[in-house]
Amino acid sequence: MNRRKPVKALLARSRRLQQTGRSEPDGGLPLVRNKPGLEAVGVPITELPVPEQLVYPLLDYARQTVQAQVHVGESVLLGDSIAEGILATASGTIKAIEHRPIIHPSHRDALCVVLDVDATGDENTQSLATSDTLSTERLAQACISGLGGAGFGTALKLRAAQNKVANISDNSSETGIHTLLVNAVECEPLISCDEALIRSDAQTVITAVHTMIKLSVCQRCVLAIEDDKVDAIAMLSTAIDAVKSDTGVDVELVKLSAVYPSGAEKVLVQRITGKPLPTGVRATELGILCLNVATVVAAWRAQAGYPMISRIVTVAGSRANKPCNIRVRIGTSVADVLQSTGNAPEADDSRVRAGGPLSGFDLQSLSVPVTATTNCIAIEPPQSKSAAMACIRCSHCSEVCPVNLVPQQLYWYASGNDIQQAQRFGLDNCIECGCCDIVCPSSIELTSMFRYARSSWREQQQDKQDADIARERYEQRQRRLSHREQEARKIREEKKTQLISSKDPIADALARARARKRPS
Amino acid sequence: MTGTFITIAVMIMSMAAVGYVLSRLAEPARRTDDEDPDADIMSANLPDMQLIEEVNRRLPQTQCAQCGHPGCRPYATAIINDEAPINQCPPGGDALIEELAALLGTDVMPLDNDKGQTKSAQVAVIVEPDCIGCALCIAACPVDAIVGAPRYMHTVIADQCTGCELCLPPCPVDCIELHTINTPLQRWQWPKPA
Amino acid sequence: MSGLTVDTASIAYKRRSVSSIMVHVMVALLPGITIYALYIDSRLLFNILIASTCALLFESVLVLLRRRAVLPVLKDASIVLAAILLVLSVPQSLPSWQLVFGVFVLCTLGKHIFGGLGHNPFNPAMVAYAVLIVSFPLTMTQWTEDNGLLDAPEIIKNAESSSVNDKGQLTEWDSLSGATPLDRLDTLKREAGISSPPVDASLTTPEQALSAADTILSSDWLILSVAWLAGGLYLLFMRIISWRIPVSVLATLWCLYALYPLSTSTPVLPATVALFSGAIMLGAFFIATDPVSAATSDKGKLVYGFGIAVLCFFIREFSAYPEGIAFAVLLMNMCVPLIDHAFTRNRFSGNSIDDQTSNRP
């Protein structure tokens, strides 16, 4: 709730509830709309020219190294597979497979495939055959992954949702997807790539949504958007009325009050269904397929034969000269993007940030490549941080937490390294949105502590797994050795009894020696 | 005087009432084995064998014998039989001591420095030009992480190696080295804020 | 590690800092302080000055002893606020050295011995008050004469000469103007010949109850209580404090005062009037709501306020102390960890924190 004008906020809230009929989030912050870089409605999105070099990190969704399917010197065409889930986004020659800096909070290098692009100019990006209907196989072929920022493989998500066995919320055993939730909320300040997509061509968006409805065979489709995206809402309403479909399912346009972080899947599902997601349960397990609007459009383009080779990136920030939304070939370096858009940082102390102010992190090097998860590049002045003071237990953090946690308790336990206890207070549910950081009067870095605690927990679990495997191997080895020992003892016993029972032990021994000497 | 007593009595009774009400409110939900595997263990009512298993499950399984016992299970047995304190395991470090203290209801104590230091993750690597194929290291590895045969090249399976260093002494040509592993990217952890 | 934290500076959200919260609370105290100084006892301002200066001094020394940076600690103004609340709770006739001692206890036992701001389990002002009233009972209960800066016609003057009864206690007070209404009640009881407190603090006749009520209603202390209420409402409106604690304290007290006469035949103050007597309003809005020592969970705050009200009622009605807020707050501070444990739930999954969370990745 707006802390500055509570009465006004109360009235506005009741008005909104009447309009939308959806539940207000339990917490969250209504942030001032800050979306620079949007063009006039209907203007198509500028495409950046393909740079001379494209770099593809050989990492999958879980940041594990994947095997390259090409070798140095090989020629590849646009759309060819470079590794599992990674396509060449332009035709060219593989220059190298080496370690390069990547967009990752660790600022480390990773193994990347470096592609020298053929100077063939504008090439046809339709590398697959047009298909009548969209299939999950086509999604995998075109390497469609989530464009909302997390980058999960869409084909996998779809299959998981379709194979869902039991509906946890009620005891029915329905399988399949019953709700397609298209996420156009985009709640984080500065990031406006989804809104730009809708404003440039809302009809395509709705056509794409209908295609996805057909593929997912859902009973209900909800397109969720923030209510302050006025132009986009108007265009979508017109498009919904204009586009006819034979699926029988209408696209419901739901305008949610602009409360950060409603775009997070967990919070969005709660706002749409009115019920919170239980701990550890994913939306797909409840029959809800939640996809980012740009992913849905990319999937529709896949049906038409176009693999996912580019994405819209927002370039913004208080030190950006020309904030804009541009379509960037995946693999383009951040330096190229900034140069081409006229946003190269001028001051020495400017920071370049990948992602938004709340979910992103600063980059150490500008030669890192854009990937499918890069939604925003922000140029900001140096961070002015006030020194953290002690927690005064004011509870503002728990008031704004969108997943109903008590950040101050989590902070006590996490800073004391008692991650087990923090887990019991729901650390697993933390979506690392940053709301608690924003309101804390003592300027405590809460989200950083929770990120540390969660990654520490994952590491502990992984260590336990490794220790279990080592213990099993050790015990197997002990069993093997003791088995061998037993066998040896048995043979010795048998020999002893033989010796004792024999009448002439010396003659037997001589016979045995002769038998050994005889060539066999 | 009676006034004072009555006042004190009323105060005590009201505090008792408040305390009783709060204690009923705060009573934790009954835990079954499914919800909390530690519930029974906390009371140490378990037979010794199960307790040894519980302690062993928390040990890092490097089987390095730095604690003075020939493996993790013997050390666990010694702990349960009160023959060894809980601070003897360098690979487990302070985190292990805290876990064992919580499990057994004993005090946390600092790691016994005589037993060694907690080292960062390491794996053994055989320098292949020097290897003579004697198979002594294969026999020494407690988790069978070395493959090879007499007079054939030996090599360490890096994924299975726990860094226990037991293969180094038996090697007659000292051809085994210890390398610190770089954390792979998927196991990178966010740093702790100050 | 820089660059990995949330960029709160670039979010257009005006967050309140700790010092701004403390300043808002002090602003909310201003109406009450003004009325107190003008109509009741002008020595308040002098005492505030002494207490604040000594508080800052003691805090600097303690922070230096703790080897921390002094200026950031002083800047958050929390010790000044605590000192002001202490001064408002004690009689202004308290000898300065006793006040300074109280401030010393406030800084040490109340705050820094626990680790400074945010770490104290007890309300510092109330810790100091408790130590003072136990150490100097006479001076802490003597409300000697002094006019406010303005001479208001509502000041009650009791011109009877003092006399001592056979138990050696004062049966009337000497010219006390500006005594708290509760002390006035004590006087009325003595006049009526009721044996001295702490046996039975209730009055014998409805007439005396009404007379006491009149006393309160026509005294400056009522205006003062209204001023505290106004300050409290300002804090509520600015969302500095949550409504839960003040509402539960006042509602519970009101109910207790309303229901108590049903259980005994002795009349007592009318419920609404009782809310405006003594330091209830100050306690409900400014003392009980101290975020560091109060309960943090929503339902917990309601239980916390309820407990304070119950204890305050008992102390007021059945003990020697005319005002029960201090001890009530301290006793409930002790219960806060238990209260929070009972009422903190992992609401996202509906489980209580005692249930094991899921291990799914």
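## Backbone exceptions in loops

B:Glu165 lies in the loop between β3 (155–156) and β4 (176–180) of chain B; helices (H or I, at least four residues) and strands (E, at least two) are DSSP runs, numbered from the N terminus. The phi of B:Glu165 is near 70°, a positive value in a residue other than glycine. B:Glu165 is partly exposed, with 18 other C-beta atoms within 10 Å. A residue is buried if 20 or more other C-beta atoms lie within 10 Å of its own, exposed if 12 or fewer, and partly exposed in between, the C-beta atoms being placed from the backbone. This is a predicted model, in which local features need pLDDT of at least 70 and side-chain atom pairs count only at pLDDT 80 or more, while totals for chains, interfaces and linings use all residues. Residues are numbered from 1 along each chain as its sequence is written, and chains are lettered from A and ligands numbered from 1 in the order in which they are written.

Most residues other than glycine have a negative phi, and most peptide bonds are trans. A:Arg393 also has a positive phi, of about 55°, although it is not a glycine. The loop that holds A:Arg393 runs between β16 (376–380) and α10 (396–400) of chain A. With 22 other C-beta atoms within 10 Å, A:Arg393 is buried. A cis peptide bond, with omega about 0°, joins A:Tyr260 and A:Pro261. A:Pro261 has its place in the loop between β10 (251–256) and α7 (265–273) of chain A.

## An exposed loop residue in chain B

B:Asn113 is in the loop between α5 (93–104) and β1 (122–126) of chain B. This residue is exposed, with 9 other C-beta atoms within 10 Å. B:Asn113 and B:Gln61 are 52 residues apart in sequence and 20 Å apart in space, C-alpha to C-alpha.

## A four-stranded sheet in chain A

In chain A, four strands form an open sheet in the order β2-β7-β6-β3, with antiparallel pairing. Two strands pair if DSSP finds at least two bridges between them. Strands β2 and β3 (75–76) of chain A stand at the edges, each with a single partner strand, so one side of each is left without a neighbour in the sheet.

Strand β2 (residues 53–57) of chain A is joined to strand β7 (residues 109–117) of chain A by five bridges, and A:Leu54 has A:Leu115 as its bridge partner in β7(A). Nine bridges join strand β6 (residues 92–101) of chain A to β7(A); here the bridge partner of A:His99 is A:Leu111.

## A buried strand in chain A

Strand β11 (residues 288–292) of chain A is mostly covered, with five of its five residues buried. In a regular strand the side chains alternate between the two faces of the sheet. From β11(A), A:Ile288, A:Cys290 and A:Asn292 point one way and A:Leu289 and A:Leu291 the other way. Strand β8 (residues 179–184) of chain A runs parallel to β11(A) and is joined to it by five bridges. The bridge partner of A:Asn183 in β11(A) is A:Asn292.

## Two crossing helices in chain A

The axes of helix α5 (residues 202–216) and helix α8 (residues 293–303) of chain A come within 8 Å and cross at roughly 75°. That makes α5(A) roughly perpendicular to α8(A), a description used for angles of 65 to 115 degrees; those under 35 count as roughly parallel, those over 145 as roughly antiparallel and the rest as oblique. Axes are lines fitted to C-alpha atoms, for helices over the stretch in contact, and angles run from 0 to 180 degrees between N-to-C directions.

Residues of α5(A), including A:Thr204, A:Val205 and A:Ala208, meet residues of α8(A), including A:Val293, A:Val296 and A:Trp300. Two residues are in contact if their C-beta atoms, placed from the backbone, lie within 7 Å.

## Chain C and helix α11

The secondary structure of chain C comes to 15 helices and two strands. Buried residues make up 50% of its 361 residues. Helix α11 (residues 244–263) of chain C has 20 residues, which at 1.5 Å a residue should span 28 Å; its end C-alpha atoms are 28 Å apart, which agrees. The expected span is 1.5 Å times one less than the number of residues. Among the buried residues of α11(C) are C:Ile245, C:Leu250 and C:Tyr257. The cover over the buried residues of α11(C) includes α10 (220–237), α12 (271–275), α13 (280–287) and α14 (298–318) of chain C.
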